[in-house]
Amino acid sequence: WFLNLQADPNVTVEVGGERWRAKALITGDDERERLWTTIVAKAPQFSGYAAKTTRKIPVIRLVRAD
């Protein structure tokens with residue numbers, strides 16, 4: 001899925017009954033670390049995923065397209 005977002009960052013987001021267009025942005029190092037800390041605090045299982053790999057798991061930010 002990550003390679004697909006790199007190739008075409010234009011996505012459709014569906015949450016509940018709402019649907020909108022967005023652009024997927026790959027976060028830079030500083031933003032990624034800040035967001036990763038928040039993600040792990042809310043969903044601790046993600047720290048386990050990171051412990052099982054040597055690669056840095058990317059964090060994608062979705063920005064609503066108007």
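Predicted model: local features only at pLDDT ≥ 70, side-chain atom pairs only at ≥ 80, totals over all residues.

A: Residues are numbered from 1 along each chain as its sequence is written, and side-chain values use heavy atoms, with hydrogens and water left out.

Q: OK, how many aromatic pairs does the structure hold?
A: Three. Rings of Phe, Tyr and Trp (its six-membered ring) pair if their centres lie within 6.5 Å; planes under 30 degrees apart count as stacked, over 60 as edge-to-face and the rest as tilted.

Q: What about Trp1 and Phe2, and why is that pair called edge-to-face?
A: Their ring centres are 6.1 Å apart and the planes are at 85°, so the pair is edge-to-face.

Q: Is Trp1 buried or exposed?
A: Trp1 is exposed, at 66% relative accessibility. Phe2 is partly exposed, at 22%. The cut-offs are under 20% relative accessible area for buried, over 50% for exposed, and partly exposed in between (1.4 Å probe, protein chains only).

Q: And how are the rings of Trp36 and Phe46 arranged?
A: Edge-to-face, because the centres are 6.3 Å apart and the planes are at 80°. This pair links distant parts of the chain, with Trp36 in helix α2 (residues 29-42) and Phe46 in helix α3 (residues 45-51), ten residues apart. Helices here are DSSP runs (H or I, at least four residues), numbered from the N terminus.

Q: Which residue joins those two in a cluster?
A: Tyr49, through ring pairs. Trp36 counts as buried at 13% relative accessibility, whereas Phe46 is partly exposed at 30%.

Q: Which charged end sits over the ring of Trp36?
A: That of Arg32, 4.9 Å from the ring centre. The charged end of Arg64 sits over the ring of Trp20, 4.1 Å from its centre. The test is NZ of Lys or CZ of Arg within 6 Å of the ring centre and within 35 degrees of the ring normal.

Q: Switching topic, where does Gly17 lie?
A: In the loop between β1 (10-15) and β2 (18-26), strands being DSSP runs of E, at least two residues. Gly17 is exposed, with a relative accessible area of 87%.
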